[in-house]
Amino acid sequence: MTWNALHFVVPESAADAACDALLAAGALSVDVADADAGTESERAIFREPTHASPARWNANLLSALFESSVETASLQALALAVGNELEFIPQHVSVARVDD
């Protein structure tokens with residue numbers, strides 16, 4: 001099976017809301033990772049399960065999977081719309097085909 005994966009970087013303050021917006025827009029799943037992984041700015045996050053809210057990184061790389069029928073231009077526009085709604089500018093926006 002093939003999907004379209006939308007990737008972009010969001011600030012810590014918008015990570016959870018951006019994930020919710022992507023899911024509401026039809027994303028099948030959303031992954032959040034440290035956008036600074038592998039650099040000197042990488043930050044490990046360790047939380048106890050009893051904490052009420054999870055910590056996020058300063059810069060969060062979101063990767064959202066969509067059906068392959070969703071066009072690249074539509075996904076790029078979605079990233080901009082999410083950023084506009086949550087008042088941030090999405091960084092490093094890209095779309096890639098992902099095969100199972």
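Me: What makes E1 and strand E4 (residues 91-99) a pair, and in which sense do they run?

Reply: Two strands pair if DSSP finds at least two bridges between them. E1 and E4 have 7 bridges and run in the antiparallel sense, so they count as paired. One of the links is valine 9, whose bridge partner in E4 is glutamine 91. Keep in mind that this is a predicted model, where local features need pLDDT of at least 70, side-chain atom pairs count only at pLDDT 80 or more, and totals for chains, interfaces and linings use all residues. Residues are numbered from 1 along each chain as its sequence is written, and side-chain values use heavy atoms, with hydrogens and water left out.

Me: How many bridges join E1 to strand E3 (residues 59-67)?

Reply: There are 9, and these two strands also run antiparallel. Phenylalanine 8, for one, has leucine 62 as its bridge partner in E3.

Me: Why is strand E1 (residues 2-11) called largely enclosed?

Reply: Because 7 of its 10 residues are buried (under 20% relative accessible area, with a 1.4 Å probe and protein chains only).

Me: Why are H1 and H2 called oblique to each other?

Reply: The axes of H1 (residues 15-24) and H2 (residues 72-86) cross at roughly 135° and come within 10 Å. Under 35 degrees would be roughly parallel, over 145 roughly antiparallel and 65 to 115 roughly perpendicular; the rest is oblique. H1 and H2 are therefore oblique.

Me: Which residues of H1 and H2 meet?

Reply: Ala17, Ala18, Ala21 and Leu22 in H1 meet Leu78, Val82 and Leu86 in H2, with contact meaning heavy atoms within 4.5 Å. That makes 7 nonpolar residues, no polar and no charged.

Conventions
Axes are lines fitted to C-alpha atoms, for helices over the stretch in contact, and angles run from 0 to 180 degrees between N-to-C directions. Helices (H or I, at least four residues) and strands (E, at least two) are DSSP runs, numbered from the N terminus. Ala, Val, Leu, Ile, Met, Phe, Trp, Tyr, Cys and Pro count as nonpolar, Asp, Glu, Lys and Arg as charged, and the others, Gly among them, as polar. Buried means under 20% relative accessible area, exposed over 50%, partly exposed in between (1.4 Å probe, protein chains only).
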